[in-house]
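Open your viewer and get ready to click along. We'll start at the ligand and then move to a helix.

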Amino acid sequence: MGDTNSNNGNNTNNNNKKPEWLQQYDLLGKIGEGTYGLVFLARIKSSTNRGKSIAIKKFKQSKDGDGVSPTAIREIMLLREISHENVVKLVNVHINHVDMSLYLAFDYAEHDLYEIIRHHRDKVNHSISSYTVKSFLWQLLNGLNYLHSNWIIHRDLKPSNILVMGEGDEQGVVKIADFGLARIYQAPLKSLADNGVVVTIWYRAPELLLGAKHYTSAVDMWAVGCIFAELLTLKPLFQGAEVKATPNPFQLDQLDKIFKVLGHPTLEKWPTLASLPHWQQDVQHIQGHKYDNTGLNTVVHLPPKSAAYDLLSKMLEYDPRKRITAAQALEHEYFRNDPLPGRNALVSPNADKAVNYPTRPVDRTTDFEGTTSLQPSQPVSSGNAVSGSIPGAHGGTLRSGPRQMPVGPSTATGEKKGHWNGDDWIPSTAEIKALRLWRHTGSERYIWFIMLELIRYLSECKVEMLCHHYLETLSFISRRQNLKIKDHRVYLFSVRCLSALTSILLLQVLMVSWEVKEAPTAH
Ligand SMILES: Nc1ncnc2c1ncn2[C@@H]1O[C@H](COP(=O)(O)OP(=O)(O)OP(=O)(O)O)[C@@H](O)[C@H]1O
């Protein structure tokens, strides 16, 4: 996939000191900023895809200096296997081993639903055509159905994550972006609360707001319902104000906005409601005030008997178990009625031309560090960036640069020691070297890397971590199998791990009982 194997990212070209992996692109400038990092527009230089636009997402380091953990890498490997017309393609992955920062290169899309909605609301002041709304929605569901059937839950669907291709063969094709990244962000790359970027709660499902511990694909369907309504009205459906003070999922104002439109949820309609933490804990707030159902149809201006309304209300069903799935939604009558959805959502078969949406503004003054002025012939990154897929690349030394990334504890030789950071393991220099053994997803080298990790946990007697890691690995393997990748080695490996784990646990039990026996003589 992509061109990850062609470069030795550890080398730099002396002419312009750009890391080699970056030399395959012309970096044009910054196009966006999210919670976890910056997004840059670049063009491919190589002859095969010359001029093709690429969006490079650089993940910022958190204040703790956390880097890319093995868990994150596993997730990314999985994302690289995802291939669907309505899901944005991850074409390249780069890991800067100096600071373990991460660069993901995606196919570039000129538009996104956030900008399209804004254009209609603030610039042209008219609604989006029913053909375009239907085509956007159908393609969004189609991409989501693919992700869900591959056990990937997006968790952060919102208009800015739904991209739309500009001019070219794929004009008007919807691409879901940022899928599966929530898992990567969550553990090793924590949100940078002070970067001024707002994480929106407007598309968050009620079960999550009420403290549900697990994400299910139904949370994405709730978000799709909110996006559908926003495409129709050009206004966010539930625009709650977020309380930022605590990491508490309970967001009263957001729930208030939802209840005002959909009415109070009842145990009758949503039996598992009683088991949600905040339904019980915040009885006064949640159950004290009874909301009348003001009617979703009046808010979205849809006749209550219309197919569009029927589909929308099924997406905004309170009980996640009753909420319509992406597969079911694709079969809904709404998509069989005129106008039928099309591949080019921007140009209906009856219209002669597309609405002229503005192209993304490019900030040419920001470099990869997100701070200094970008001058095309100057070094873009100070570190030795290496592609994570490069076999045999040798370790680089820390170089001085405009901004030194924080690193973990070091040994006298300057080698970074592995360390725990809250709930994750920040790899040591030796492990980073092991990481470089990883070549293709599912390769033996990757399996060796997992083995190394298991051995490390074993040697450090971190049985709990070992179990956690083992389970994660198993889920990774099973998800790979769902992606229909035939690699029997992973099965073999899994069986070996299982027997190793059982032996370790047995040993632990024996040691504990031995210690108990020995205890009296020790004193
Ligand atoms: N592949 C891409 N092509 C073009 N633009 C993109 C691409 N991926 C992301 N963008 C744009 O870059 C901007 C920032 O994206 P990013 O995903 O970092 O943040 P966000 O979605 O706005 O917020 P958050 O980080 O909270 O999810 C958005 O406007 C998004 O549409």
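Select the ligand and show what is around it: 21 residues surround it, the closest being Thr35, Lys57, Asp107, Lys158 and Asn161. A residue counts as near if one of its heavy atoms lies within 4 Å. Keep in mind that this is a predicted model, where local features need pLDDT of at least 70, side-chain atom pairs count only at pLDDT 80 or more, and totals for chains, interfaces and linings use all residues. Residues are numbered from 1 along each chain as its sequence is written, and side-chain values use heavy atoms, with hydrogens and water left out.

Now click Lys57: a polar side-chain atom there lies 2.6 Å from a ligand oxygen. Next comes Asn161, with a side-chain N or O atom 2.9 Å from an oxygen atom of the ligand. For Asp112, that kind of distance is 3.0 Å. The protein covers 91% of the 610 Å² of accessible area (Shrake-Rupley method, 1.4 Å probe) that the ligand has on its own.

Which elements give two or more residues to the shell around the ligand? Colour strand 1 (25–33), strand 3 (53–59) and strand 5 (101–107). Strand 1 gives the largest share, 3 residues. Strands here are DSSP runs of E, at least two residues, and helices are runs of H or I, at least four, numbered from the N terminus.

Last stop: select 217–233, which is helix 7, with 17 residues. Is helix 7 mostly covered or mostly open? Mostly covered: 15 of its 17 residues are buried, meaning under 20% relative accessible area (1.4 Å probe, protein chains only). Step just past helix 7 to Leu234, which takes a positive phi of about 70°.

How values were computed: Expected span 1.5 Å × (residues − 1). Buried < 20%, exposed > 50% of the residue type's maximum accessible area, 1.4 Å probe, protein only. Polar contact = N/O pair within 3.5 Å; in protein donor to acceptor, adjacent residues only side chain to side chain.
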